[in-house]
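Here is a short tour to read with the model open beside you. Take it one heading at a time, and look up each residue as you go.

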Amino acid sequence: MLTFRVLMVTALLGASLPSARAATIAVVNPGFESVALAEETSSAFANSGTTAISGWSIFDLGGGGGGQTLNPGPASAAFPGGAVPEGNNTALAQSAIVQQALGTVLTTGTYSLSIRFGNPADRDDMATPSSFQLFSVPTGNVIFARVGIAFAGIADGTFADFSASTEIMAGNVNLGDQIGIKIVTGSPTVPGGTYYAFDDVRLTLDEPSRVVPVPAAWAMFCGGVGLLGLRLRKRAAG
Ligand SMILES: [Ca+2]
Ligand SMILES: [Ca+2]
């Protein structure tokens with residue numbers, strides 16, 4: 001009887017293994033830590049599409065936009081106490097697009113984006129828009145935008161988490177396109193504006209087609225059922 005119970009448990013485990021987990025899509029320099037900065041110092045992004053910060057390019061939206069990475073120390077005016085949500089550095093940009101091509105193409109599944117946005121204490125909380133986008137590199141189409149990130153929900157000198165997900169269905173016009181992510185701080189129609197800080201960029205993809213038990217689990221399941229059948233036949237025969 002003990003053998004019977006063990007076989008039943010084996011069969012049930014085989015049938016109910018959890019589905020595959022979401023895969024992380026690699027982002028180069030996701031926390032802007034590629035340059036080791038001393039406290040209270042910053043390193044400017046070069047402008048006009050050049051890549052001065054590993055992995056990332058920056059484009060001026062107009063009005064003299066730009067950006068930098070910053071390691072705020074304890075006496076930081078932007079982030080008093082020096083707290084950043086990940087590592088030592090945060091990125092900041094004003095009236096600019098900071099973007100990265102990801103070296104992968106759009107497929108069906110559920111994409112989830114997350115990022116931390118910060119509100120520098122030494123800058124006015126102007127109503128310039130900001131967003132975090134998943135986009136098609138060849139077409140520029142926005143596949144998903146976490147739009148409307150504003151300082152209203154972020155206290156001066158602190159960061160807040162923003163995340164959302166979108167399901168890409170069969171038939172999406174951008175399937176197969178190279179994809180990228182970008183942070184847009186400001187607007188071409190609102191020159192100047194103010195600095196947004198951002199850090200800890202993450203992207204995952206959960207592909208439904210991969211949500212099946214692994215072969216080893218199937219082997220265990222089939223073995224369990226087979227042995228169970230053999231056991232029952234022996235019981236019936238006896
Ligand atoms: Ca960081
Ligand atoms: Ca502020």
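E40 sits in the loop between β1 and β2 (41–44); helices (H or I, at least four residues) and strands (E, at least two) are DSSP runs, numbered from the N terminus. The model is a predicted one, in which local features need pLDDT of at least 70 and side-chain atom pairs count only at pLDDT 80 or more, while totals for chains, interfaces and linings use all residues. Residues are numbered from 1 along each chain as its sequence is written, and chains are lettered from A and ligands numbered from 1 in the order in which they are written.

Although E40 is not a glycine, its phi is positive, at about 75 degrees. Is E40 buried or partly exposed? It counts as partly exposed, because it has 14 C-beta neighbours inside 10 Å. A residue is called buried if 20 or more other C-beta atoms lie within 10 Å of its own, exposed if 12 or fewer, and partly exposed in between, with C-beta atoms placed from the backbone.

S95 is another residue other than glycine with a positive phi, here near 50 degrees. You will find S95 in the loop between β5 and β6. S95 is buried, because 24 other C-beta atoms lie within 10 Å.

## The nonpolar core

The largest nonpolar core has 40 residues, and A93, V98 and F117 have the most contacts inside it. Such a core is a set of buried Ala, Val, Leu, Ile, Met, Phe, Trp, Tyr and Cys residues joined through C-beta atoms within 7 Å. At least two residues of this core come from each of β5 (90–94), β6 (96–105), β7 (109–118), β8 (130–136), β9 (142–149), β10 (159–168), β11 (178–185) and β12 (196–206). Which of the strands gives the most to this core? That is β12, with six residues.

Apart from neighbours within four places in sequence, V98 is in contact with W56, I58, G67, A91, A93, K182 and I183; contact here means that the C-beta atoms, placed from the backbone, lie within 7 Å.

β8 is mostly covered, with five of its seven residues buried. It runs antiparallel to β11, and seven bridges join the two; strands pair if DSSP finds at least two bridges between them. One bridge to look for links S131 with V184 in β11.

T110 lies in strand β7. T110 is partly exposed, because 14 other C-beta atoms lie within 10 Å. Beyond its neighbours within four places in sequence, T110 is in contact with S165, E167 and D206. T110 and I168 are 58 residues apart in sequence, yet 6.1 Å apart in space from C-alpha to C-alpha.

## The whole chain and its confidence

The chain has two helices and 12 strands, in the order α-β-β-β-β-β-β-β-β-β-β-β-β-α from the N terminus on. Of its 238 residues, 31% are buried. Among contacts with a separation of 6 or more, 80% join residues 24 or more positions apart.

The mean pLDDT (the predictor's confidence in each residue, from 0 to 100) is 81 for the chain, and 71% of the residues score at least 70. Among the elements, helix α1 (residues 2–15) has the lowest mean pLDDT (44), and strand β1 (residues 23–24) the highest (96). Over residues 2–18 the pLDDT is below 50, and this stretch has 21 contacts in the model beyond near neighbours in sequence. Where pLDDT is low, the predicted coordinates should not be read in detail.

Note on methods:
Contact = placed C-beta atoms within 7 Å.
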